[in-house]
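Trainee: Please take me through one part of this model closely. Then show me what else can be read around it.

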Amino acid sequence: MTLRVSVEPRARPALAVRVGVPIASLAAAALVGAAIIVVSGNSPLEAYRTVLDSSLNGVRPITRTLVLATPLILTGLAAAVAFRMRVWNIGAEGQLYMGAIAASGLALWLPADTPKVLMLAAMIVGGSVLGALWAGVAALPKAYFNTNEVITTLMLNFVALYFMNYLIFGTVSFWRDPGRNYPQGKLIPDSAELPIIHHRLHYGLVIALIAAVVLWWVLRGTTWGFELRTIGDSPSASRYAGMSVSGKILSVLALSGALAGVAGAIEISGTLKALDPRAVATELGFTGIVVAAVARLNPLGVVPVAVLLGAVAASGAKLQTIGIDAEIVFLLQGLIFLFVASGEFFLSNRLVVSSTSAAMSQTPATEAAHE
Amino acid sequence: MAAVGETILEVRDLNKSFYGVAANEQVNFDLRAGEVHGLLGENGAGKSTLCSVLAGLYRPDSGEISLDGQRVSLRSPHEAAEHGIGMVYQHFRLVPSLTVAENLVLGLKGQGVRLTLRAVETRVAEIAEEYGLSVHPSAYIWQLSVGEQQRVEILKQLYRGARILILDEPTAVLAPQECEKLFEVVRHMADQDHSVVLVSHKMEEILGHTDRVTVLRGGRNAGTVPTEDATASQLATMMIGAEHMPEAGQHEPRRIDDAEPVLTVTDLHVTGDRGTPAVNGASLEVCRGQIVGIAGVAGNGQREFQEALAGLRPATSGSVRLGDRDITAASPRRRSQVGLAYVPEDRLGTGLASGLTIEENLVLKSYREPPHSRFGVLSSSAIAATARTLVERFDVRGARRQMAVSLMSGGNLQRAILARELTRSHDVLLAASPTRGLDVAATAAVRGHIRAETDDGRGVLLFSEDLAEITELSDLILVMSRGRIVGSYTPETLDVEELGLLMTGAKDHGAHQDGGRAA
């Protein structure tokens, strides 16, 4: 008799499993993070207390967390909608830059006394359109020549980054403030700033929350969302059902790019107030991929996950004051991603420990694995 | 090593079943040194199971395997290789970005840390020379043609010391000239005292290139004969079985003389995945109230033909008409709207989206139509209502509302597909292997639904590899071989022996051009 551990697929995991596995994954991430903090010569307890204090303890920490979570919700949605159809848009980063360029450009170009509502609408629409077009650059060859969108969207990030840098650092462009010696973006007028909810928390959060709810409903309750889910689930069945896959690739990537573009517009309007390439290029688009993955591509799940990662990010500056490198923040985010992604396996499978006699024949499932 | 003609491999009373379905029952098989032994049978006859057991991939439920008179157990492909048994699969197991020599040593034990590829290449060149397998050892796999890749697979087995080589339908992927070359190599190997098991369902290959032939039917032995004593018709009868010979007038063919054609295919040409012609000028007609069955061995263009009819694959020339409408270039959605129902062979993945729920799958073709949606907004209550009705009417069991359909059984999957396809307004049902893998009850239910189609004046085009199913249901039986319709029978004129010969390509009527309508 030998003990055998085999893996079996789970039908639909029980609620306890669906809640328990992510929590266990977070705990595991915290534990490994603690070990690394110890190795770096610091106290993990102190570090985690600092993280909690500077992100959740009090109104100011909470507003800071939510301000950081706002763009992550939008880039998380951008990744989630594309990934649901198995279109791997890795380009939210660049699409966000283009959204920021469009929004700041419109804010500077439109008369400063334009009514706030019109100004903000123009910035958000402009940001989403340029984000969508930027995604479209990768979507067209994907839809009609089946190019690999991972590579094209990833490469376009660099193009967008260097374009944004050029506008401020490389030339005296329309975006650059000519009155300063150090290259800097022009400040947008007051009419282009998002109104404030409390302290530094702006209404961009509300826009992001509305986007999450709307996207959740679109995926669930519209024919467009139904087609997207069907194509993502089985391309062959969707063609059989008469759906147009290439048309869908265009619209999904456009929506994904638009969401990232809105994130860029809101960063300009709510937080940065000027096109400042170093402040825009903070990997919000890439972190959105982590957010979407941890949220299991569920638009409503994106919100709490973005807040969680926002909280970790909010503590970066404070951690430095107690002598821990700010990089530990990225490390923690990475660990969370790693463990939650591994936890995924246990959501769809379970380990079965059984004792079998060695002479027993193999089950067909394990035989298939030999092939 | 055994002398030529001595039995080197013997299989006694082999049993193997999957999920309670017997794939091999009491199978006996013996192989002599230096012979080419044909293994003939229809799809699902158990050839692949037997070979996979010999190759160590499956373990038998019971039965004995002896090599050189010694009982052995082959618990893994590695153990089989140690006993000198090597198998070449239809789908090659080669890494495209590595060279021939690198592929040969891939996974071999005892290589040490440093690869001595130079030595490998020298040895490979020697073996290649010896057996007439012209392949350059340092070429990359991706640079090679399919025929060359197959030679690499054979080389791989020889390099690993195989003296028994199993070739699983080796010519399925080859062009005719490459086939000739392969058989030269096979003969060469036999001359060098190797034994070759040649799996095939093509009669002329078996007759032309083997020394003995074992026929399997329904997982059991149908006989082993020396090839020189065998005739094509004898083998065809063994393959298909006398009990499948329907008696004349087994069922009343529906009279179709005055019926109007509802599906007309004229001189259709379709290109396959590999860019080669798959359907070469097929013509047929299906009338109202008629079931037309297409018999044939898999891989003779049936899949491409179905896909072209369903709009999933473009036709290179020819036309398809549904009633008065030309639908040759219509989209799958358009075809569905004008009255083509399609039950594809691949149920989970094409017929149904495996990760969606039963409700979503039941409206896969009608989700854009009211009441299921209006202005792009789905009505979950209308969808649930439709699903409830269909599930009840077609007796789909085992489905729960939020559950993915992939967890349902095959019979219920097929019921779900039929429920969706047959309740949409349609004139023609295109059904591909509709009962394959189903249990008795589900098979009866599916056949009942297909028969009922004709009562309502619809036409059915049925593709099946199961000859019994074709003969039981069809009013007109067409035979497809090499992308053409090569024969046409009514139940009264059916000659199963001749049909078997046509199916296996042993006999060619020449392209059958009378439009498929029975004389």
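Mentor: Start with α4 (residues 117–131) and α5 (residues 146–159) of chain B, whose axes come within 10 Å and cross at roughly 110 degrees. Axes here are lines fitted to C-alpha atoms, for helices over the stretch in contact, and angles run from 0 to 180 degrees between N-to-C directions. Helices (H or I, at least four residues) and strands (E, at least two) are DSSP runs, numbered from the N terminus.

This is a predicted model, so local features need pLDDT of at least 70 and side-chain atom pairs count only at pLDDT 80 or more, while totals for chains, interfaces and linings use all residues. Residues are numbered from 1 along each chain as its sequence is written, and chains are lettered from A and ligands numbered from 1 in the order in which they are written.

Back to the helix pair. α4(B) and α5(B) are roughly perpendicular to each other, because angles of 65 to 115 degrees count as such; under 35 is roughly parallel, over 145 roughly antiparallel, and the rest oblique. From α4(B), the contact uses Arg123(B), Val124(B), Ile127(B), Ala128(B) and Tyr131(B). Leu155(B), Leu158(B) and Tyr159(B) answer from α5(B). Contact means C-beta atoms, placed from the backbone, within 7 Å. By class, seven of these residues are nonpolar, none is polar and one is charged. Ala, Val, Leu, Ile, Met, Phe, Trp, Tyr, Cys and Pro count as nonpolar, Asp, Glu, Lys and Arg as charged, and the others, Gly among them, as polar.

Now set that against a pair in chain A. The axes of α2(A) (residues 44–56) and α3(A) (residues 59–84) come within 5 Å and cross at roughly 85 degrees. This pair is therefore roughly perpendicular too. Asp53(A), Ser54(A), Ser55(A) and Leu56(A) meet Pro61(A), Ile62(A) and Thr65(A). The classes here are three nonpolar, three polar and one charged.

Next, strand β8 of chain B. Six of the six residues of β8(B) (195–200) are buried, so the strand is largely enclosed by the rest of the structure. Buried means 20 or more other C-beta atoms within 10 Å of the residue's own, exposed means 12 or fewer, and partly exposed lies in between, with C-beta atoms placed from the backbone. Ser195(B), Val197(B) and Val199(B) point one way; Val196(B), Leu198(B) and Ser200(B) point the other. β3(B) (residues 36–40) runs parallel to β8(B) over five bridges. Strands pair if DSSP finds at least two bridges between them. Leu40(B) stands opposite Ser200(B). β7(B) (residues 164–168) also pairs with β8(B) in the parallel sense, over five bridges. There, Ile166(B) has Val197(B) as its bridge partner.

Step back to the domains. Chain B divides into domain 1 (7–240) and domain 2 (261–503), with bounds from an automatic or database domain assignment. Their C-alpha centres lie 35 Å apart. Ten residues of domain 1 of chain B contact nine of domain 2 of chain B.

Then there is an open antiparallel sheet, ordered β12-β11-β14-β15 in chain B. β12(B) (277–287) and β15(B) (325–326) stand at the edges with a single partner strand each, so one side of each is left without a neighbour in the sheet. Six bridges join β11(B) (residues 261–271) to β14(B) (residues 315–322). One of the partner pairs is Val270(B) with Ala315(B). Helix α9(B) (residues 302–310) lies across β11, β12 and β14 of chain B, at about 60 degrees to β12(B).

Definitions and conventions. Contact = placed C-beta atoms within 7 Å.
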